[in-house]
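Q: I would like to learn how to read the strands and the fold of a model. Please take me through the features one at a time.

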Amino acid sequence: MNLLDMVGLGFDNLRRTKLRTALTTLGVVIGIGALTSMISFGSGMQKNITETFAENDLFTSLFVTAADVEEIARADPDRVQEFLEEPPAPLNDETVDAIRGVEGVELAFPELRFPVRIQVDGDETRTLLRALPATMASYKPFSETTYGEFFDSDESQEVVLRWETLERLGIIVEEEPSGIAERDTTGKKRSVHPDSIIGTPIVIISSALDVSKIPRNPMQVLSLAGDMPVKEVATELIIGGIMKQASAFGSNTWNAGILVPMNTAREIPSLGFSSVWEILRRQGRGDTYASIYVRVDDVRHVQTARDSLESMGLNVFSIADQLEEIKRGFLIMDAVLGAVGTIALVVAALGIINTMVMSILERRREIGVMKAIGGSENDIKMIFVVEAGTIGLAGALLGLVLGWVVTRIANFVANSYLLPDDAPFINFFHFPVWLIFGAVAFSVVVSLAAGLYPAVRAARVDPVTALRHD
Amino acid sequence: MNLIEVTNLRKIYRKGAVSIPALRGVSVGIAGGEFISIVGRSGSGKSTLLNLIGGLDTATSGSIAVRGSDLSRMDSGGLAEHRRRTVGMVFQSFNLISHKSALENVALALTFGGVPRGERRARATALLRRVGLGQRLDHTPSELSGGEAQRVALARALANDPEVLLLDEPTGNLDSATAREIIDLIRDLNRDAGLTAIMVTHEQDIAREISTRVIELLDGRVVGSGREEAS
């Protein structure tokens, strides 16, 4: 008897007990549906994050910070002496130039950012200003400016705003503006066409040191409370472009409300830091910058570039490292979700065993007949194994459909009710090819394993007792 | 040399601590082409002997050699091969698969016999015609009379061209007229096709009438083995 015959006989038996087969298969369908939808959730989260990393070019990005004696002491006390004798390069323009000369480095520029207030059309909000070189226009995510254009020179007077920043100003940018935004309850928010924003002046109000307010007499410092030696300076620029809406998984690497050309930003008076942490870090180091962004030309060169930078005594940090951590986290999440799904499948497998053991009791005589006319134990075993495998295969295919449908519904519900209305659509679930084939293989293997015991029992049916006439 | 040589065959059924001897040392030789009837009272061991020769069961001791190969030395695969190729079995209660048509029942035996899919239908049809059921191919057992069902069983037993036909009370469930037809059919197969037939029956008259030899069992022993002249 060949495999085709066994499949034929197996199918024949399943057809005869349609309801029972359907119910047993339903168990597998639910098991595989649960398993795949759970794993697809873990997989979807991982995909979203990885894509966001890729979208922001984070796999080729390195962040250089100044080496810190405390950190070195913690990591390797023996290096402290070396560090003190030959202090590493401070983060200034010379170092930026030196980094540009490192093999594999495509571009390097200092991190220049500071808090500002911005005013557009009379509305005001606070945000973080970030200086970027015009060359970034060719890299993601800046190459995908939704409206207008990224600035074309480091001296340009045009700035790029994030969609969200405008929203905070009460301006909803839409291709088809409705005039009044739907969410507007106060009457302040308005939806406008991008064309009416591009080219609009923007006032950037930054804080700068006011030399005139610095006390001559050091004892006077105590009375300065409420009157810091700081003045506000307004700079007027023009809105040249608007970034697209960030996804919910958006990384905060480029998290700044307003992007200003590098040299233009240098002209804007500022206190030159955005956090107290930075002041502490830079103290007495002669650093001009808090950190330097480095982009490597190819993922394969990241490690060598990194080694070169570290040999310059610089601290190098890569977000891609964090991704590995995140992936490990997802692996654990996948395993937990997978385990829950597997329990459902194990219950389904018990259903298969139960159905088939019952089936053997009913088919004792038939099994006896098959043996009497020449069926071997292996033939009988295989017929039952094929039946179990068929249930597993059908259950897996239908289970995948169920899992897909359930995740579509869950996705719709999550996007409709859980996320803010204006957030871009997120696909929380992802069915990679390995999951599809893996689920089918897993289901078939589990079902075959479940069918093995009944199959062995069937093969051992004693034909003499089975055929004894009633 | 005999086709089948049964030597000092013993079969003891065990149920827990109780041993029930079914055969207590049976020896018998059967030549090719013989028509043997095994007679005896209920529980005398007739069916047990037939099942052992058919390879459905294994002996406790002793041997059954078919063309020199000993069934007691065969594994389950070897016994399945023996049932498939060497013997064809017919039972009192027909033992047809109820949800399959006459044709499918015969074809199933061909399936186990390794006959290619494409040839099965034609061969099963030819076998059913041979037993006079050419018009009942697609009927299921419940749509057939007892005699017709037993003919299907006969066709199925003949499917893989066996050398020996093993018949366990083949007419036990049939009225006398139908029984006569079946007996005649079996006798024709024995005479015309040279098929060796071993039939268990308790109808001594029929046994004596058609058999070349009647073996009588009593309490698991052969008590008589007389050569009869077939009519």
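Q: How many bridges join strand 3 of chain A to strand 4 of chain A, and do they run parallel or antiparallel?

A: Helices (H or I, at least four residues) and strands (E, at least two) are DSSP runs, numbered from the N terminus. Two strands pair if DSSP finds at least two bridges between them. Here strand 3 (residues 112-120) and strand 4 (residues 123-132) of chain A run antiparallel, joined by nine bridges. A:L112, for instance, has A:A131 in strand 4 of chain A as its bridge partner.

Q: What should I know about the model and its numbering?

A: The model is predicted: local features need pLDDT of at least 70, side-chain atom pairs count only at pLDDT 80 or more, and totals for chains, interfaces and linings use all residues. Residues are numbered from 1 along each chain as its sequence is written, and chains are lettered from A and ligands numbered from 1 in the order in which they are written.

Q: What lies between strand 3 and strand 4 of chain A?

A: The two strands form a hairpin with two residues between them, and A:D121 in the turn has a positive phi of about 55 degrees. Strand 3 of chain A also pairs with strand 10 (residues 201-209) of chain A, antiparallel, over three bridges.

Q: Which order do the strands of the open sheet in chain B have?

A: The four strands lie in the order 2-1-4-5, with antiparallel pairing. Strand 2 (18-30) and strand 5 (69-70) of chain B are the edge strands, as each pairs on one side only. Strand 1 (residues 4-15) of chain B is joined to strand 2 of chain B by ten bridges, with B:L23 as the partner of B:K11. Strand 1 of chain B pairs with strand 4 (residues 61-66) of chain B over five bridges. Strands 4 and 5 of chain B form a hairpin with two residues between them, where B:R67 in the turn has a positive phi of about 50 degrees.

Q: Why does the radius of gyration of chain B agree with a compact globule?

A: The radius is taken over C-alpha atoms, and the globule rule is 2.2 Å times the number of residues to the power 0.38. For 231 residues a compact globule would have a radius near 17 Å, and chain B has 17 Å, so the two agree.

Q: What percentage of the residues in chain B is buried?

A: A residue is buried if 20 or more other C-beta atoms, placed from the backbone, lie within 10 Å of its own. In chain B, 48% of the 231 residues are buried.

Conventions
Buried ≥ 20, exposed ≤ 12 C-beta atoms within 10 Å, placed from the backbone.
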